[in-house]
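This briefing concerns the overall dimensions, the strand arrangement and the nonpolar cores of one protein. Please consult the sequence and the structure shown below alongside the points that follow.

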Amino acid sequence: MQENKFEDAFLDFSGMPASMEDLLKTTEETAITKGKIVKGKVAQKRPDGALIDIGYKAEGFVAASEFMNYDDINVGDEIDVYLEEIENRQNMPTLSLEKAYSIKAWDRITTEYGEGHIVKGIMRHKVKGGVMVDVEGFPAFLPGSQLDVGPVRNIDDYIGKEYEVKIIKINVERHNIVVSRRELLVESLKDQRSKLMAEMQIDELRKGIVKNITDFGAFIDLGGVDGLLHITDISWGRISHPSEVLHVGDELEVVIIGIDKDKERVSLGLKQKTRNPWDDVADKYPKASTVRGKVVNIMPYGAFIELETGVEGLIHVSEMSWTKRVNKPGDVLAIGDEVEAVVLDIDKENRKISLGLRQKERNPWEALAEKYPKGSRITGKVRNMTNYGAFVEIENDIDGMVHVSDMSWTRKINNPNEVLKPGQEVEVVILEINPEHQRISLGLKQIEEDPWADIANLYKVGDVVTGKVSKITAFGAFVELSNKIDGLIHISQLSRDRVEKVKDVLKIGDEVEARVIKVDTDERRIGLSIKAVSENFTDEDLKAAEEEYTAALKPGEDMVNMGEAMDALSGLKFE
């Protein structure tokens with residue numbers, strides 16, 4: 001029994017080394033736990049990294065890139081590392097300094113800090129949608145929209161730099177943190193803006209940088225406050241777009257011309273730094289003076305001429321030619337043309353200068369007035385016809401008008417084509433030339449003496465005359481006598497018998513013999529009678545015929561209006 005006991009004891013003793021190895025191994029693994037932060041000491045420093053003694057049988061390796069500043073690390077320095085594996089394929093523990101930093105940072109951020117806390121972070125590298133930021137060792141996400149207050153053109157400009165950021169979201173479940181730099185900048189700018197707004201004054205000069213350019217102006221960063229420089233306040237001269245003068249990034253000095261503290265808006269001016277050229281425009285460009293400028297814009301109603309930067313005058317289409325009707329200013333002038341013009345008027349208050357192009361030459365109407373005094377006879381060609389007259393060319397594309405009332409002494413002319421035709425050469429008399437209104441009145445009938453001036457010697461009541469039927473109306477026939485004088489044979493004076501229709505007795509062109517039964521010099525009318533031609537027609541019969549003639553003419557239908565009535569009916573057919 002004792003031998004057995006001893007043997008057992010020996011067996012136990014003989015197995016002691018194996019049991020001790022297992023015991024030591026178990027103890028060592030218990031002290032060094034995978035997935036935990038452990039203490040370590042730099043055992044050896046190499047160019048690519050350091051060997052770290054964590055109290056295990058083998059040392060672990062940490063790359064130099066994981067250290068914040070590897071140059072400052074020395075052998076013997078104690079550091080915390082994260083144990084990822086107790087033994088890897090090289091029988092070495094796998095260590096991570098970055099993960100140790102991250103775990104400690106996460107614990108500190110979630111316990112000591114929190115959302116809304118401001119911390120410092122180093123911009124490490126770009127990722128999709130933003131930047132990863134090292135916040136005390138923990139990789140936080142900074143969205144691209146939260147990087148700056150304005151659009152970021154190049155994220156690489158921020159990488160490697162340290163900025164203050166604000167923790168805006170901590171997700172414990174996903175173990176991530178979102179930060180923002182923009183919120184801090186906005187808060188800072190708000191305070192800065194309030195301070196600037198309080199300091200700014202009207203007419204003050206401020207330096208700024210062109211931040212953005214639009215069609216209507218440019219936004220200028222005044223150091224925390226954006227001011228609007230409207231296109232109309234960039235230059236005294238004409239510009240089509242702000243980009244003609246300004247570029248993003250330009251530094252310039254501007255004038256504060258308006259402040260709205262409630263809406264935090266600032267209006268700026270650039271042209272206000274120089275003198276307004278309109279202040280002395282009346283002295284520089286007096287009325288009737290000749291000026292020289294460049295055509296800068298053409299509109300349907302005229303052309304704008306730049307006299308100097310900020311000062312433009314308008315040549316209206318009506319002031320471009322004395323004689324030609326200009327419908328399009330572009331037919332006379334083109335943008336870029338250098339022209340001389342005459343100042344017609346200045347409206348300083350509304351900043352308008354009226355210019356004339358034609359005034360550089362003498363008014364041809366005045367020259368004609370001197371050349372052709374009233375009563376002068378000229379020969380011209382009929383160029384145009386209207387219902388009320390005919391236009392006759394005098395010279396240099398200038399026309400005078402012969403009104404229908406000045407075409408005949410003896411006939412009522414209702415349409416000029418009764419007397420004249422386009423292209424016809426005609427001699428006329430100058431009745432009046434009005435240079436101010438550019439009108440010339442001509443007379444055709446004035447070429448001859450007025451036959452009615454000697455009518456008493458030409459025709460007397462009782463005379464028998466011969467003429468040709470020129471027109472037929474419902475109430476009678478007009479007969480052309482000598483000296484182009486027309487007489488009227490009323491239908492009642494065509495025959496002793498009753499006549500129903502004038503056309504039954506006469507037709508145009510018939511030669512007729514008639515007796516003068518009435519001569520009215522005031523109304524310029526002659527009454528004729530065919531039935532009074534007989535030899536035994538007595539004075540009493542003549543008087544009776546005159547009375548019958550006068551009574552037959554209805555009021556308003558006498559010879560004064562016969563021409564109008566005749567023309568109104570001349571196109572009708574009488575059966």
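A contact means that heavy atoms lie within 4.5 Å. On that basis, residues 24 or more positions apart account for 60% of the contacts in the protein with a separation of 6 or more. The model is predicted, and the protein has 9 helices and 30 strands.

**Overall dimensions and surface**
- The radius of gyration is 57 Å, whereas a compact globule of 575 residues would have one near 25 Å.
- The C-alpha trace spans about 205 × 65 × 40 Å along the principal axes of the protein.
- Of the 575 residues, 39% are buried.

**Barrel**
- In the order β16-β17-β18-β20-β19, 5 strands close into a barrel with mixed pairing.
- On average, neighbouring strands of this sheet are turned by 50° against each other, direction ignored.
- Strands β17 (residues 302-308) and β18 (residues 311-316) run antiparallel and are joined by 6 bridges; E308 stands opposite V311 in β18.

**Nonpolar cores**
- The largest nonpolar core has 22 residues, of which I394, M407, I430, I440 and L442 touch the most other members.
- At least two residues of this core come from each of α6, β21, β22, β23, β24 and β25, and β24 gives the most, with 4 residues.
- Beyond its neighbours within four places in sequence, I440 is in contact with residues including W365, L368, I394, M401 and I430.
- Another core, of 21 residues, lies apart from this one and includes I472, V479, L481 and L528.

Terms used
Residues are numbered from 1 along each chain as its sequence is written. This is a predicted model: local features need pLDDT of at least 70, side-chain atom pairs count only at pLDDT 80 or more; totals for chains, interfaces and linings use all residues. Side-chain values use heavy atoms; hydrogens and water are left out. Two strands pair if DSSP finds at least two bridges between them. Axes are lines fitted to C-alpha atoms, for helices over the stretch in contact, and angles run from 0 to 180 degrees between N-to-C directions. A nonpolar core is a set of buried Ala, Val, Leu, Ile, Met, Phe, Trp, Tyr and Cys residues joined through side-chain atoms within 4.5 Å. Buried means under 20% relative accessible area, exposed over 50%, partly exposed in between (1.4 Å probe, protein chains only). The radius of gyration is taken over C-alpha atoms; the globule rule is 2.2 Å times the number of residues to the power 0.38.
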